[in-house]
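Reader: I'd like to learn how to read the fold of a protein from its model. Could you walk me through it, one feature at a time?

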Amino acid sequence: MPWLSYQKALNRALGDEMARDPAVFVLGEDVRVAVSNVTAGLLKRFGPDRVLDTPLSEQAFTGFATGAALRGRRPVIEFQIPALLYLAFEQIVNQAHKFSLMTGGQARVPVTYLVPGSGS
């Protein structure tokens, strides 16, 4: 078994899922240039329709991802600065998380939130 850094393992898993399921896409600030290296090579492999750079508004792209998930897509949001996650926390815990509960399981919100940490 090869030894991989956490970032390389995430990159490989993300690439595998994007290849397996065309509904999976990545969005966030500077994901096309792979600032954290988690999305390295994904733009070239999957194109700009599935690797989306967003404006500097955590609330906006978190809401966008929740809506996309409700419509059947499978967004992966990469937050570049962990402290800014607090700006979108209400949307994550009171909207995205509770939609399936509020609809009796009729709606699903398959969103993945990727938050970088220290180290490599």
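Reader: What share of the contacts in the protein with a separation of 6 or more is accounted for by residues 24 or more positions apart?

Author: Happy to start there, and do keep in mind that this is a predicted model. A contact here means heavy atoms within 4.5 Å. In this protein, residues 24 or more positions apart make up 74% of the contacts with a separation of 6 or more.

Reader: Which residues have the most contacts inside the largest nonpolar core?

Author: A nonpolar core is a set of buried residues of nonpolar kinds, joined through side-chain atoms within 4.5 Å. The largest one here has 14 residues, and Leu27, Phe61, Ala65, Ile77, Phe79, Val109 and Val111 have the most contacts inside it. Two or more residues of this core come from each of β1 (24–28), α3 (58–70) and α4 (85–96). A separate, second core has 11 residues, among them Leu14, Val31, Leu42 and Leu114.

Reader: Let's zoom in on Ala65. What is Ala65 in contact with, leaving aside neighbours within four places in sequence?

Author: Ala65 is in contact with Leu27, Pro75, Ile77 and Val111.

Technical notes: Residues numbered from 1 in each chain as written. Predicted model: local features only at pLDDT ≥ 70, side-chain atom pairs only at ≥ 80, totals over all residues. Heavy atoms only, no water. Buried < 20%, exposed > 50% of the residue type's maximum accessible area, 1.4 Å probe, protein only. Helix = DSSP H or I, 4+ residues; strand = E, 2+ residues; numbered from the N terminus.
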